[in-house]
Amino acid sequence: MNALTRKLATVGSALAMAASSLLLASSPASAATSCYSTGCHGVDPATSVCQNDATTVLTSETGVELRYSATCRAVWARKKNAVAGHYYQVENDRREMQSVRPSTSGGTVWTTMVDDKDILAYACDRRSDYTMASSTLWW
């Protein structure tokens, strides 16, 4: 291999590496995850495809929402203007539960998901002493 051929091969390799790194850098850091039913247990809906078709199926008198994704057959609880120290909880009738407890008031919080395929689920608001702050919403 002569010197010119080596230089051209080196430059070509460098350009190929630069082009591939640009392609990788332009791809999203993490794609939305896909899950279904029991596979959604503990998955954050904000990082999944489940948020795309989510609807609020029930809202309590304290504003706790029971969110549902038909695509994923999963539910979660969401609370806007959350109260620090309260537990916002979602549970299905198989006793699979997820909760979130905000450390500051005023923001929006949500739980990770639980299965809702062919079973009942509910969302609620519990104070830090575990007394119920809102009625249980079954769906």
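Ser69 sits in strand S2, residues 64-69. Strands are DSSP runs of E with at least two residues, helices are runs of H or I with at least four, and both are numbered from the N terminus. This is a predicted model, in which local features need pLDDT of at least 70, side-chain atom pairs count only at pLDDT 80 or more, and totals for chains, interfaces and linings use all residues. Residues are numbered from 1 along each chain as its sequence is written, and side-chain values use heavy atoms, with hydrogens and water left out.

**Around Ser69**
- Ser69 is buried, at 0% relative accessibility. Buried means under 20% relative accessible area (1.4 Å probe, protein chains only), exposed over 50%, and partly exposed in between.
- The Ser69 side chain reaches the backbone nitrogen of Cys72 at 3.1 Å.
- Leaving aside residues up to four places away in sequence, Ser69 touches Cys50, Asp53, Ala54, Ala74 and Trp76. Contact here means heavy atoms within 4.5 Å.

**Disulfides**
- The structure has two disulfides, each a pair of cysteine sulfur atoms within 2.5 Å.
- In sequence order of the bonded cysteines, the pairing is 1-2, 3-4.

**Cys35 and Cys40**
- Cys35 is joined to Cys40, S to S 2.1 Å.
- The S-S torsion is about 105°, so this disulfide is right-handed.
- Cys35 is buried at 11% relative accessible area. Cys40 is buried at 0%.

**Cys50 and Cys72**
- Cys50 is joined to Cys72, S to S 2.1 Å.
- This link is left-handed, with -100° about the S-S bond.
- Cys50 lies in the loop between helix H1 (3-26) and strand S1 (55-59), and Cys72 in the loop between S2 and strand S3 (74-79), so the pair ties together parts 22 residues apart in sequence.
- Both Cys50 and Cys72 are buried.

Note on methods:
Polar contact = N/O pair within 3.5 Å; in protein donor to acceptor, adjacent residues only side chain to side chain.
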